[in-house]
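Dear colleague,

I am passing on the structure below, with a short account of what was found in it. Please read the notes alongside the coordinates.

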Amino acid sequence: MTDEQFNNEERWLREQFSASLPAIADQGFSGKVVRRIHKRTLLRNGLPLAAVLVGTGVIAWPAVALLGDLFQQVAVINQLDWQAVFEANKTLVIGLILGALSPLAIALLED
């Protein structure tokens with residue numbers, strides 16, 4: 001069936017049914033339903049965005065304070081003599097290095 005035949009049949013069917021079915025008065029019901037759907041859509045789309053903004057606001061103040069403290073610690077760390085720190089804590093440094101490399105060693109031994 002071609003598009004033209006389909007359109008002609010569709011037009012004929014619409015004419016036949018529209019003549020036999022009267023328009024139904026909805027007394028504003030459809031408008032109310034559309035408004036409710038629109039409100040729910042706004043809430044569904046707006047609440048996650050609002051939650052993200054509120055969460056960002058809640059996190060921002062402590063994050064700024066933590067960054068300030070971090071920069072103060074970095075200033076103190078830059079003043080340290082790292083060679084003396086490593087020599088004083090040689091066992092701790094070697095333990096940390098071995099702990100970091102142990103998953104790699106275990107993976108190599110499993111193969």
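A compact globule of 111 residues would have a radius of gyration near 13 Å, whereas the chain has 36 Å; the radius is taken over C-alpha atoms, and the globule rule is 2.2 Å times the number of residues to the power 0.38. Along its principal axes the C-alpha trace spans about 100 × 45 × 25 Å.

This is a predicted model, in which local features need pLDDT of at least 70 and side-chain atom pairs count only at pLDDT 80 or more, while totals for chains, interfaces and linings use all residues. Residues are numbered from 1 along each chain as its sequence is written, and side-chain values use heavy atoms, with hydrogens and water left out.

The chain has 4 helices and 0 strands, in the order α-α-α-α along the sequence (DSSP runs numbered from the N terminus: helices are H or I of at least four residues, strands E of at least two).

Of the 111 residues, 0% count as buried (buried is under 20% relative accessible area, exposed over 50%, partly exposed in between, with a 1.4 Å probe and protein chains only). Glu 10, which lies in helix H1 (residues 3-20), counts as partly exposed because its relative accessibility is 29%. Between Glu 10 and Trp 61 there are 64 Å in space, C-alpha to C-alpha, and 51 residues in sequence.
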